[in-house]
Amino acid sequence: MLKDTLKRNETAAANADALAVLRENFAGCFTKEGAFDLKAFAARIRDKVAVTEEGYQLDFLGKNYARLLANEETETVIVPDEAHNAKPENAKSQNVYISGDNLDALKHLLKSYEHEVKCIYIDPPYNTGSDGFVYNDNFKFKPDELARKLSITEEEAKKLLDFVGRGSASHSAWLMFMYPRLQLAKSLLRDDGVIFISIDDNEQANLKLLCDDVSGEQNFLANIIWKRKRGRDNSARWFSKAHEYALVYARRIDSFDTHFLELDEETKKAYKNADKDPRGPHRDLACWARGTQGGVRYEFITKNGVRFAERLWLFSKANMEKMDHEDRLVFHGDNIYRKLFLGENAGKIPETLWDSVSNAANAADEIKDLFGAIVFDTPKPVPYVTEMLKIATDANSLVLDFFSGSGTTAEAIMRMNAKSLGKESRRYILVQWQECCNVDSVAFKEGYKTIDEIGQVRIKKAANKIHEENSLFAGDLGFKHFTLAKPSGEMLEKIESFDPKASMLATQDMLKEFGVGTVLATWLNHDGYGLTREAEKVDLAGYEAYLCGHHLYLVNANFGAKNVKALLEKYETDKAFTPDKIVLFGYSFGWKELEELDTNLKKLKTTRNITADLDIRY
């Protein structure tokens, strides 16, 4: 412990804390070498933003508007699919599927999962012109409001609102769509986390610049080239396009460790044991350095007195002598080789060229095998996502995919867990917008109305197949399902006009609009308990309250004097009952009830030294 402290003190700097804060919040203002770019920082925090002068690339049109969207709170609530979630295979599941806009979903997830995700994989729209991407903004800002929020003129605000409101598939529109999502996603990653983003040539260059800005160029890990097409297209006009990309960025590059991939059978066969070494099969690797490898120059004399002339060696003289004494050196004429034993090989470090990691045709076959028809046009194959998970996740990692499409990520995780027979238990959170299937599509003709429906069905079908193939596996093959919903316009008007001080009576229709399950799911996630933890029901003289951790939730109406008395008695008699925050659905309580509860809780603090703060939410 002290040694670690001394080591840290050797590299301590006076401005280390300040730089750490800047790296956390302004990663794009650091160069690849780690130096802080003061000019870029000044541009980021300047008070006035010349919106109409913003260009394309790093200063694309609407960049500051995109930042605003990332900072706006979501106005959606989390609606649990109670019938689905109650099924035996789903009731205890730690997996989550969210139907809704992923921008809203990311904002909800940050309440409970900030810095908890080990790996993010996303396959966003490529903006090819034929993939249906059009930026449709549903944020309703007025020109004067937006002008105030961005410190711009109303005229500039009107021009910007015209751009975001008319629907566009331009490069700037695509970047504006991606920017807030990547900003929020970065905050969900653990320090040792990593994000993989699939893309093609149409936006690859722009995405690289965007990721440099959001994550910091210094956190760039790789630009993987994936051979997605197994045949040549001779009808192509110029080149047969055979590949796509996957950009890879670490949350903090110094914290991320790449997992080596398992050796394939062909590589293992290269390990022989002709000399019957008791340490097992080995490969003989050259010890001398070639011109491009650097090396150390010296004359080497073996322990048996054999002299090798001065030359460049890959290892220091001390290391060579050590391997010689351990009988790890093999001599052939004027050359020396070292033994690398099969048991010492940690595996293969991942390469950036993936030319044999499945392909698009295989992905289509996977869908057809499950559905009997190709109900999703551009799925990614399971082995492709699995390769990413092998590189970047641990046995119990949380994985997020917020452009989940056909649900490949979920199937890849379930298959990895099943293969380990319970030794591994990766979890997933998938998000998919309820995009309507085209009426002319195979999916629609097969009875599927939305993409998120296809994703959920794919997971269920894959889970059944995995269970049939792995009868001994008893792991998690279910998922909890939630839908993000906005209150109706009528309800929003009631919420905005509601005056708690003027209301003596509870407003019952508010709870009917949302439902107890929705209120609880939204609040549990908001308070850091996540989307898979259940609240415990607590009976207070016939009134049903809900307990989770240090929070007691009072959602239902008709909380009278006898219920207040029962609550106080529970605090006094039940030593395991220790919530220090009582959260109320304000619309269910009249002003008189709130006063009575507040007064009695204050007495409880005075007489019993028990503190329970009221948190009234509307």
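**Group meeting: strands, helices and cysteines in a predicted chain**

Let's start with a pair of strands. Strand S8 (residues 296-301) and strand S9 (residues 307-313) run antiparallel, joined by five bridges. Two strands pair if DSSP finds at least two bridges between them. Helices and strands here are DSSP runs, numbered from the N terminus: a helix is H or I with at least four residues, a strand is E with at least two. Within this pair, Arg-297 stands opposite Leu-312 in S9. S8 and S9 form a hairpin, with five residues between them. In the turn, Gly-305 has a positive phi of about 90°.

Now, what are we looking at? This is a predicted model, where local features need pLDDT of at least 70, side-chain atom pairs count only at pLDDT 80 or more, and totals for chains, interfaces and linings use all residues. Residues are numbered from 1 along each chain as its sequence is written, and side-chain values use heavy atoms, with hydrogens and water left out.

Next, the whole chain. The secondary structure comes to 23 helices and 20 strands. Along its principal axes, the C-alpha trace spans about 100 × 65 × 60 Å. Of the 618 residues, 46% count as buried. Buried means under 20% relative accessible area, exposed means over 50%, and partly exposed is in between, using a 1.4 Å probe and protein chains only. The chain exposes about 32,300 Å², and carbon and sulfur atoms supply 50% of that. Those areas come from the Shrake-Rupley method with a 1.4 Å probe; for residues, only the protein chains shown count as cover.

On to contacts, meaning heavy atoms within 4.5 Å. Take the contacts in the chain with a separation of 6 or more: residues 24 or more positions apart account for 73% of them.

Charges next. The chain has 85 positive and 96 negative side chains. Lys and Arg count as positive, Asp and Glu as negative; His and the chain ends are not counted. Each charge is placed at NZ of Lys, CZ of Arg, CG of Asp or CD of Glu. The centres of the two sets lie 3 Å apart.

Back to strands, with S4 (residues 189-199). Is S4 mostly covered or mostly uncovered? Mostly covered: eight of its 11 residues are buried. S4 pairs with strand S3 (residues 117-122) in the parallel sense, over five bridges. There, Val-117 stands opposite Leu-189 in S4. S4 also runs antiparallel to strand S6 (residues 243-250), joined by six bridges. In that pair, Ile-195 stands opposite Tyr-249 in S6.

Two helices now. H4 (residues 63-71) is mostly covered, with eight of its nine residues buried. Among them are Lys-63, Tyr-65, Arg-67 and Leu-68.

Helix H14 (residues 360-371) holds Ala-360. Ala-360 counts as buried because its relative accessibility is 18%. Which residues does Ala-360 touch, not counting those up to four places away in sequence? Trp-226 and Arg-228. Ala-360 and Gly-231 are 129 residues apart in sequence, yet 11 Å apart in space, C-alpha to C-alpha.

Last, the cysteines. Cys-29 is buried, at a relative accessible area of 1%. Cys-548 is buried too, at 2%.
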